[in-house]
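I opened a new model today and kept notes as I went. The entries run from the whole chain down to a single residue.

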Amino acid sequence: MTAAMADLAPLPMQPDSRARTAPYAPASQAPRRTYGALDLGTNNCRLLIARPAPQGFIIVDAFSRIVRLGEGLATTGRLSDAAMDRAVSALRICGDKLRRRHVHICRSVATEACRRASNGAAFVERVRRETGIAIDIIPAEEEARLAVMGCHVLLEEGDGPALIFDIGGGSTELVLVDTSGPLPKTLDWYSAPWGVVSLTEIEPGDASTSEGRLDIYTRMRGRVNDSFSAFAARLPRAAREHMRLLGTSGTVTTLASVHLGLPSYDRSAVDGLIVPADSMRGVSQMLSRMSHAERVELPCIGHERADLVVAGCAILESILDIFPAERLGVADRGIREGILRTLMARDGFA
C-alpha cells in the first residue's frame with residue numbers, strides 16, 4: 001500500500017459518526033467527563049479509560065488481554081469460532097469497565113484481522129449484540145495516524161525526518177514524519193501485511209533444531225524485506241542514515257525488557273526508553289536461536305509471547321536494515337492514546 005496519508009497536523013473533526021456516546025451511562029451521571037479508547041487488534045484487546053488533565057490525561061482504568069483474534073486467518077481467510085469467543089469474552093470485561101466508570105464518549109476500533117477476514121463485519125455485529133460495544137473497522141492509514149498521535153511525544157529531539165513504526169499482530173505500519181511543527185506531519189507511510197501472528201503462520205517450519213530455527217528466521221526476514229523494499233526505495237539514503245526511530249508495539253517493549261533484564265514487565269522502565277539499535281539486534285538474534293522452551297523461561301516473554309516474538313524480531317531487524325539508526329526509542333503507548341487525544345482535542349481539551 002503506497003498511497004500518501006493525510007497530514008497529521010489537523011486533528012480530525014468528524015468523529016461524531018464514529019466515536020459514540022457510550023450507552024453505559026448518561027453524561028449527567030458522571031461528575032467529570034470520562035473517555036474510553038478500545039483497540040481490538042489481531043493479537044490483543046486493549047482498553048484505556050481516562051479523564052482530561054492539564055498536561056494530557058489521567059488514566060482511570062486499563063485492560064489488556066491477548067486474544068489472538070487473527071489465529072488461523074492467514075490460512076483460512078476467516079476468524080475462527082474459538083478466536084471470536086476469546087475476543088468477545090475480553091470485550092465483555094471492557095463493557096463492564098466502561099459502565100462502571102461512567103464513560104461519556106468511547107471509540108472502539110478493530111484493525112488488520114477484521115479488515116482481512118471475510119467474516120470480520122459479521123463478528124463486529126456479534127460484538128455489538130452481545131456486549132453493546134460498537135466497533136469501527138478502520139483502514140490501515142487511520143491505524144497508522146492514531147499510533148503516531150499516541151506516541152510521537154517520545155521521539156528524540158533532532159532535525160530531519162523520523163520514523164515511527166507499529167509492529168502489530170496482522171500488519172506493520174511505517175510512518176515517516178516531519179517533526180518541525182507542533183504536531184508531526186506525515187511525509188510518507190506504508191502498511192505491510194505482516195505482523196507477529198500473520199508472519200508466524202505464513203512461515204512454518206521445524207523449530208526443533210537450530211538449523212530449522214535459522215531457516216524459519218531467514219525466510220521471515222526475506223519475506224519482510226521484500227515487503228518493505230518499495231517503501232525503502234522511495235527514501236533518500238542520506239535521510240535513512242540519520243533518522244530517529246520510535247517503535248510502538250508488544251515486540252519492541254518485550255525486547256526492551258529483555259535488554260534491561262527485567263524480572264517482570266515494568267512499563268515505567270520501558271516507556272520512553274532509548275536503546276542502542278545494536279542491542280536490539282542482539283536480543284532479536286538471541287531469541288531467534290532459542291527453542292520455544294528456552295523463550296518461555298524468559299520472564300518478560302513467557303508462554304503468551306514465546307511463539308510469536310520471533311516474528312516480531314524478524315520484522316524489527318528488517319526495519320533496522322532500512323533505517324540503520326544508532327538508537328531506537330521504545331513506546332508503550334499508541335492507538336488507544338491517539339484515540340483519547342483526538343477525542344479530547346475535539347472537545348476543547350489541549
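**Entry 1: whole chain.** I am working from a predicted model. I looked up the secondary structure and found 15 helices and twelve strands in the protein chain. Next I checked burial: of the 350 residues, 57% are buried. I then took the contacts between residues at least 6 apart in sequence, and 73% of them join residues at least 24 apart. The accessible surface came out at about 14400 Å². Carbon and sulfur atoms hold 52% of that surface.

**Entry 2: a helix pair.** I wanted the geometry of a packed pair, and such a pair is described by the angle between the helix axes and the distance between them. I picked helix 9 (residues 250–260) and helix 11 (residues 277–289). Their axes lie 10 Å apart, at an angle of about 95°. Helix 9 is therefore roughly perpendicular to helix 11. I listed the residues that make the contact. Helix 9 supplies V252, L255, A256, V258 and H259. Helix 11 supplies S279, M280, V283, S284, M286 and L287. I sorted the contact residues by type: eight are nonpolar, three are polar and none is charged.

**Entry 3: T111.** Where does T111 sit? I found T111 in the loop between strand 5 (105–110) and helix 3 (112–116). Is T111 buried or exposed? Its relative accessibility is 4%, so T111 counts as buried, the cut-off being under 20%. I then looked up its contacts, leaving out residues up to four places away in sequence. T111 touches D39, L40, G41 and T42, among others. Its contacts also include I137, I138, E143 and I335.

Definitions and conventions:
Residues numbered from 1 in each chain as written. Predicted model: local features only at pLDDT ≥ 70, side-chain atom pairs only at ≥ 80, totals over all residues. Heavy atoms only, no water. Helix = DSSP H or I, 4+ residues; strand = E, 2+ residues; numbered from the N terminus. Buried < 20%, exposed > 50% of the residue type's maximum accessible area, 1.4 Å probe, protein only. Contact = heavy atoms within 4.5 Å. Areas by Shrake-Rupley, 256 points an atom, 1.4 Å probe, with all protein chains shown as cover. Axes fitted to C-alpha atoms, helices over the stretch in contact; angles between N-to-C directions. Parallel < 35°, antiparallel > 145°, perpendicular 65-115°, else oblique. Nonpolar A, V, L, I, M, F, W, Y, C, P; charged D, E, K, R; others polar.
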